[in-house]
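This report is meant for someone meeting the structure for the first time.

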Amino acid sequence: MNDPITRQMYQSCRLCPRMCGIDRSRGTGFCGCSDTLRAARAALHQWEEPCLSGAEGQPGGSGTVFFSGCTLRCLFCQNYRISSENFGKELTPDQLASVFLDLQSQGAHNLNLVTATQYLPDILEALDQVKDRLHIPVVYNCGGYECLETVKALAPYVDIWLPDFKYFDNRLAAKYSKAPDYFETAAAAIGQMIAQTGPPVYDSPLPSSAPRPHNAPASKTSGAAAPLMKKGVIIRHMVLPSHRRDSIALLRWIREHYPHGHYLISLMSQYTPFFHSKDYPELNRRITTYEYNQVVDEAIALGLTDGFMQEKSSAKEEYTPPFDLQGL
Ligand code: SF4
């Protein structure tokens, strides 16, 4: 039995692997967050994977709530305005509970908690309030850098895990995310997520096992209705410019160590130089078609065909949602 996540944890915060131990009523740790929850947007989102957002032209979308602050703060973050600059509006757990129900009433296919770890005590309080009225799956959309104990404590709350698996080489993790223990931490956390959910479950049969086009632009998924995920793990990996070999090494490790067929892979091509990436020459460009195709070809060669790939045209700044406090 795991210890529950309570507000007391803000007094000596160890919610994430940074283990700052700080009293968040008096100061902030690496994530830059106090003990008052902040969020920047709550809206239906069409550009997640089709099994979360649904096909274009269908009503609904993924009911995303973007929380302010971040435990990783990658220097290339496309959401840096909220992750590193902490833009957002303060909310009580009661207000957040209303936001959740509002998204459901708008037709959200799921409740998608984006970068939530630093506020888990408040978020779980809000989920407890609505648990008898919320009939859609809860998605945990995170950077993969999670404590094993936190993942275990979230088992009763989370139906679908949507972690990034960003790096194989910890030198990259140290340089770009100040997380020199990223690989082993994310590997263990994602392994636990897979163990908790088992193989993916959908609301209807999948059309085929070939890799399917990803979310953005959503028009690429128009046509037949997309089966919606009810339970499972989708491992996201964004290919970085100059680092396709790290992506390939990561895919090989995943194939070797996680039970085949118990997770989906989502390969993302949408990298765009944002934030501090302009100070790193190797990151200061979009990825090439050659780089992305090399990674996709490796995934196919490994048999990692359950999942999604993005169109190269996804690498556009307009796919970053506007952080305008909508829905809060
Ligand atoms: S949630 Fe924030 S304060 Fe708490 S351990 Fe992580 S980075 Fe530090």
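In helix α4, the residues that count as buried (under 20% relative accessible area, with exposed meaning over 50% and partly exposed in between, for a 1.4 Å probe and protein chains only) are L120, P121, D122, I123, L124, A126, L127 and V130. Because 8 of the 11 residues of α4, which spans residues 120-130, are buried, the helix is largely enclosed by the rest of the structure. Its buried residues pack against β2 (62-67), α3 (93-105), β4 (110-114), β5 (138-142) and α5 (148-153), where contact means heavy atoms within 4.5 Å. Helices (H or I, at least four residues) and strands (E, at least two) are DSSP runs, numbered from the N terminus.

The model is a predicted one, in which local features need pLDDT of at least 70 and side-chain atom pairs count only at pLDDT 80 or more, while totals for chains, interfaces and linings use all residues. Residues are numbered from 1 along each chain as its sequence is written, and side-chain values use heavy atoms, with hydrogens and water left out.

**Salt bridges**

A salt bridge is taken here as a side-chain nitrogen of Lys or Arg within 4 Å of a carboxyl oxygen of Asp or Glu, and by this rule the count comes to 12 salt bridges. The table gives some of them.

| Pair | Closest N to O distance |
|---|---|
| R236 and E48 | 2.3 Å |
| R236 and E49 | 2.8 Å |

R236 forms a salt bridge with E48. R236 lies in strand β9 (residues 229-238) and E48 in the loop between β1 (38-45) and α1 (50-53), so this pair ties together parts that are 188 residues apart in sequence. R236 is buried, with a relative accessible area of 7%, and E48 is buried as well, at 5%. R236 also forms a salt bridge with E49, and this pair links distant parts of the chain, with R236 in strand β9 and E49 in the loop between β1 and α1, 187 residues apart. E49 counts as buried at 0% relative accessibility, and E48, E49 and R236 are linked in a network of salt bridges.

About 200 Å³ of space lies in the second largest pocket. Its lining consists of 11 residues, of which D3, M9, R14, E149 and T150 lie nearest the centre of the pocket. A pocket is an open set of points on a 1 Å grid over the protein atoms alone, where a 1.4 Å probe fits, with protein on both sides within 12 Å along at least five of seven lines, and lining residues have an atom within 4 Å of a point.

**Annotated positions**

An unreviewed UniProt entry places the feature "binding site" at C70, C74 and C77, and such annotations may be inferred rather than shown by experiment. C70 lies in the loop between β2 and α2 (80-83) and counts as buried at 12% relative accessibility. Leaving aside neighbours within four places in sequence, C70 is in contact with F30, C31, S83, T115 and Q118. C74 has its place in the loop between β2 and α2 and is buried, with a relative accessible area of 6%. With neighbours within four places in sequence again left aside, C74 is in contact with K166, Y167, Y176, S177 and F275.

How values were computed:
Points joined across faces, edges and corners; volume = space filled by probe spheres on them.
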